[in-house]
Amino acid sequence: MSSTVFGQVDPAIVQAYASCVAILGLKMLTMSILTGLQRGKKKVFSNPEDVREGGKVAYNDPDVERVRRAHRNDMENILPFFAVGFLYMFTGPSVTVAVNLFRLVTAARVGHTICHALVPIGKVRGLCFGIGLFTTVYMGVQVLCNFRVV
């Protein structure tokens with residue numbers, strides 16, 4: 001097990017983690033707003049009570065669904081990063097490595113959203129997805145290697 005004791009994480013690592021979690025958390029909340037804006041723009045709603053004049057209930061509008069898929073992808077990838085990144089701090093990583101891994105995931109997820117929901121660019125979106133995924137997997141493996149399984 002690592003020599004780092006719970007509570008003795010370098011403050012620079014905690015600060016980087018907290019900043020990245022805040023950025024990604026706010027980004028995920030923004031996706032909810034983007035979905036609502038897209039629904040209003042296209043006048044398609046998922047609940048009958050939300051329908052406004054000239055609107056309709058629809059579950060298959062391609063523009064609304066694109067934003068919703070980007071949001072779902074965030075939930076599938078950012079939420080695991082929150083947990084894995086938190087545990088990774090306790091493996092005794094170097095400040096430089098930890099800070100840059102956190103930044104890499106954050107940049108990749110922001111890039112993924114831009115290339116998925118705002119300016120669809122498939123190849124770049126895939127690259128961003130892969131970078132975020134494999135960085136989180138790397139941190140997860142480090143957690144498993146540094147702590148004993150009960």
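Modeller: Let's start with a term: a residue is called buried when its relative accessible area is under 20%, exposed when it is over 50%, and partly exposed in between, using a 1.4 Å probe and protein chains only. By that definition, buried residues make up 39% of the 150 residues in the protein.

Biologist: And where does the model come from?

Modeller: This is a predicted model, in which local features need pLDDT of at least 70 and side-chain atom pairs count only at pLDDT 80 or more, while totals for chains, interfaces and linings use all residues. Residues are numbered from 1 along each chain as its sequence is written, and side-chain values use heavy atoms, with hydrogens and water left out.

Biologist: How many helices and strands are there, and what pattern do they follow?

Modeller: There are four helices and two strands, counted as DSSP runs from the N terminus (helices are H or I with at least four residues, strands are E with at least two). Along the sequence they come in the pattern α-β-β-α-α-α.

Biologist: What does the C-alpha trace span?

Modeller: Along its principal axes, the C-alpha trace spans about 65 × 30 × 30 Å.

Biologist: Changing topic, where is Thr91, and is it buried or exposed?

Modeller: Thr91 sits in the loop between α2 (62–88) and α3 (95–118), and Thr91 counts as buried because its relative accessible area is 8%.

Biologist: Which backbone oxygen lies 2.7 Å from its side chain?

Modeller: That is the backbone oxygen of Tyr88, which lies 2.7 Å from a polar atom of the Thr91 side chain.

Technical notes: Polar contact = N/O pair within 3.5 Å; in protein donor to acceptor, adjacent residues only side chain to side chain.
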